[in-house]
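Visitor: Hello! I am new to this structure and would like to learn how to read it. Could we go through it together?

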Amino acid sequence: MTATIEELPAASSPRRGITLRPAVREALWGFVFIGPWIIGLLLFTAGPMIASFVMSLTNFDLLHPDSTRFIGIENYTRMASDPTIAASLLATIKFALIAIPVTMGASLGFAMLLNHPRLAFKGPLRALVYMPVMIPLVASTLVWIGFLNTETGWLNQILGALGLPQPDWINSETWIYPALSMIGLWAIGNFMIINIAGLQSVPTELYEAARMDGAGAWTSFRRITIPLMSPVLLYNFVIILIGTFQYFTQAYTLTNGKGDPNNATLFVNLVLYREGFVFNHMGYAAAIAWLLFVIVLVLTLVLFGFARKRVYYAGGER
Amino acid sequence: MTAVARTQGRSITDRSPVARSYRRFLARSSILMFTLILVGAYLLPLLYMVTTAFQQPGQSTTPGAPVWPAIPQTATYQGQPYPVYSVPMPDGSTRSLILIEPGRESSVFIDPADASQTPIEWQGRWRTLEQAWTFAPEIDNFTVAWNTLNFPRVLRNTFLIALLSTIGAVLSSVLVGYGFARFRFPGKNALFVILIATIILPFQVTLLPQYVMFTWLGWNGTWLPLIVPHCFANAYNVFLLRQYFLTIPRELDEAAMIDGAGPFRILRSVIVPQSIAAITAVSLFHFFFAWNDFFVPLLYLASKPELQPVSIAIQQYNALYATQPTLIQASALMTMVVPIVVFLLAQRAFMRGVVVTGVDK
């Protein structure tokens, strides 16, 4: 494969008598090298995107492709009145409202602690906090299911020993969201590392100047750390938000795809999976996928719009 | 804490170098202690997993059983095994005694250390006594889970899928990263923006047509849908590699060009040898992404046990054996050994890679 591609631009080299301007030759080479990505983009991203939009306007079903009909926006109108969709959106939002602040806060907190100038063994400690990212999600969820078990799990035994209430983490419609947020703590590694790099880029002179001016730790945090970290925090926020709307593996492992307790973990992506691959309503599932896409896109755009006003970029406007 | 306050109180010694270094030591050790406790709590579920994986089946639901893997202690009396209890004695001490004759209001015990084996009559209800436990890790949990899950097959599948998709992903990403780092072509900036934008594109939007396409190609139930789409580069890898390639001085390329090297030759003998660190990071990231992936294998391999990777296998195992936490935790432990060991050996490369993709964007 390498050899054949190498021949192509060489054929237009001066040796064969055809002279190409260097700029044209360079551009050709550029396209040769990014070629694999362009092909992948067309085959696995752009093409399927268009196809899924068309699919969302039909009643397509993989088992009976012959009876496919164009049904216009029927899938979308059906979605608007589908109680499962409404419930799954509500579940996703409830989860997001707890999980996102917890993840953002924990990853910033750990970053500040593990970047503290007086802390010894920073490297090994950072590696330990990062480590759970490497654990297969199914395995880490199984560990947490055991850890959070009402009777035999350690968390409730510890809470009981401290005389605190022992919630039924996994089987309660309310406690399931804090429980899933706790499971999500094991995924903060990447965000923590990014935050640490962000903290290290804040000039220490700023903190010294603030201290000279009599600013306390909280004021320095709010007036220096947060504004200077805002691009990094925004990046983390966007990635966490997208991850929350695509939440699947943990919820699926928890209930074997059933969405228990009482559909509290039937997140949007689980509904999509069920409609598309269990019930074979592919057209409807495609419409759900587009709903998800539009939600993520709108939220991202809103965030970036907000960022334009509030996020500080050291190099000026980006 | 109090020690800090006390040293601060002594205003004269306060400024002495000894007092200062003592205070610094206190500050350092207290922040280290705090961090260790926090990180310990953060990783406590792992300790739960290891402990449970070695426990006797049913131990966690047995009243009075300790947390550590243990079985009730027994001792032999006249050739027969009898349970051992910790018995509070009238003098206030507690002794480990063998219960040979349980009775309603009083029981007969034997002291295992007593050679004459004089029976001890004890007043009280033996059911209120605490049983003595002895440390006994249960290795069978691992052998049972290993055999039921067919771990050798599952691990081989996971390894091969991850390896093949990593080779495809890294080769293609190196080419594309090189293209974006070194060549000028029309539409380059727009294409780069599109590349980065694919990061926020939810995979669900392309999922269903891809599934239909792969099913029509007859790839459903094979490894191909898990490998082929990765052979066309992805945004994270390309971005990381491009950033790295940009730091390699162009003079090196130009020197090679004067020696008659073409772009492929330059990539092979200049760029790649200079970027082994970045290529290692990308390879490790992708390898473990593929190792841990769940959704795509679930779609294409749910009904093909002989081709499944470990994440699907243990999920299905859990669905069947959820009532046996010892087996589940043993299987979870076996699943995470490889990624954790590799990570701890190569953690520098990992974390540097995260910083490049996350911060430079």
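This is a predicted model: local features need pLDDT of at least 70, side-chain atom pairs count only at pLDDT 80 or more; totals for chains, interfaces and linings use all residues.

Visitor: Which residues is Thr134(B) in contact with, leaving aside its neighbours within four places in sequence?

Guide: Those contacts are Ala70(B), Ile71(B) and Gln73(B). Take Ile71(B): it is 63 residues away from Thr134(B) along the chain, yet their C-alpha atoms are separated by 5.5 Å.

Visitor: Now for the whole chain. How many helices and strands are there in chain B?

Guide: Chain B has 16 helices and eight strands. Its C-alpha trace spans about 100 × 80 × 35 Å along the principal axes. The radius of gyration of chain B is 31 Å, while a compact globule of 361 residues would have one near 21 Å. Buried residues account for 37% of the 361 residues in chain B.

Visitor: What share of the contacts in chain B between residues at least 6 apart in sequence join residues at least 24 apart?

Guide: That share is 63%.

Visitor: Next, helix packing. How are two packed helices described?

Guide: Two numbers do the work: the angle between the axes and the distance between them. For a case in chain B, look at helix α5 (residues 151-182) and helix α12 (residues 276-292), whose axes come within 8 Å and cross at roughly 140°. That angle is why α5(B) and α12(B) are oblique to each other. The crossing of this pair, α5(B) and α12(B), is right-handed.

Visitor: Which residues of α5(B) and α12(B) meet?

Guide: On the α5(B) side they include Thr158(B), Ile161(B), Ala162(B) and Ser165(B), and on the α12(B) side Ile279(B), Val282(B), His286(B) and Trp291(B) are among them. Sorted by class, the contact of α5(B) with α12(B) has ten nonpolar, six polar and no charged residues.

Visitor: And in chain A, at what angle do the axes of α13(A) and α14(A) cross?

Guide: Helix α13 (residues 268-278) and helix α14 (residues 282-310) of chain A cross at roughly 160°, and their axes come within 8 Å. An angle over 145 degrees counts as roughly antiparallel, so α13(A) is roughly antiparallel to α14(A). The crossing of α13(A) and α14(A) is left-handed. Among the residues that make this contact are Val268(A), Leu272(A) and Glu275(A) from α13(A), with Tyr284(A), Ile288(A) and Leu292(A) from α14(A). The contact of α13(A) with α14(A) has nine nonpolar, one polar and one charged residues.

Visitor: How many residues does each chain bring to the contact between chain A and chain B?

Guide: Chain A gives 75 residues and chain B gives 77 residues. On the chain A side, helix α2 (residues 22-56) provides the largest share, 18 residues. By class, that side of chain A has 53 nonpolar, 17 polar and five charged residues.

Visitor: At what angle do α5(A) and α2(B) pack?

Guide: Helix α5 (residues 122-130) of chain A and helix α2 (residues 17-42) of chain B pack at about 20°, with their axes 10 Å apart. The two helices α5(A) and α2(B) are therefore roughly parallel, and α5(A) passes α2(B) in a left-handed crossing. Leu125(A), Leu128(A) and Val129(A) of α5(A) make the contact with Thr35(B), Val39(B) and Tyr42(B) of α2(B).

Definitions and conventions. Residues are numbered from 1 along each chain as its sequence is written. Chains are lettered from A and ligands numbered from 1 in the order in which they are written. Two residues are in contact if their C-beta atoms, placed from the backbone, lie within 7 Å. Helices (H or I, at least four residues) and strands (E, at least two) are DSSP runs, numbered from the N terminus. Ala, Val, Leu, Ile, Met, Phe, Trp, Tyr, Cys and Pro count as nonpolar, Asp, Glu, Lys and Arg as charged, and the others, Gly among them, as polar. Axes are lines fitted to C-alpha atoms, for helices over the stretch in contact, and angles run from 0 to 180 degrees between N-to-C directions. Angles under 35 degrees count as roughly parallel, over 145 as roughly antiparallel, 65 to 115 as roughly perpendicular and the rest as oblique. A crossing is left-handed if the near helix is turned anticlockwise from the far one by less than a right angle, and right-handed if clockwise. The radius of gyration is taken over C-alpha atoms; the globule rule is 2.2 Å times the number of residues to the power 0.38. A residue is buried if 20 or more other C-beta atoms lie within 10 Å of its own, exposed if 12 or fewer, and partly exposed in between; C-beta atoms are placed from the backbone.
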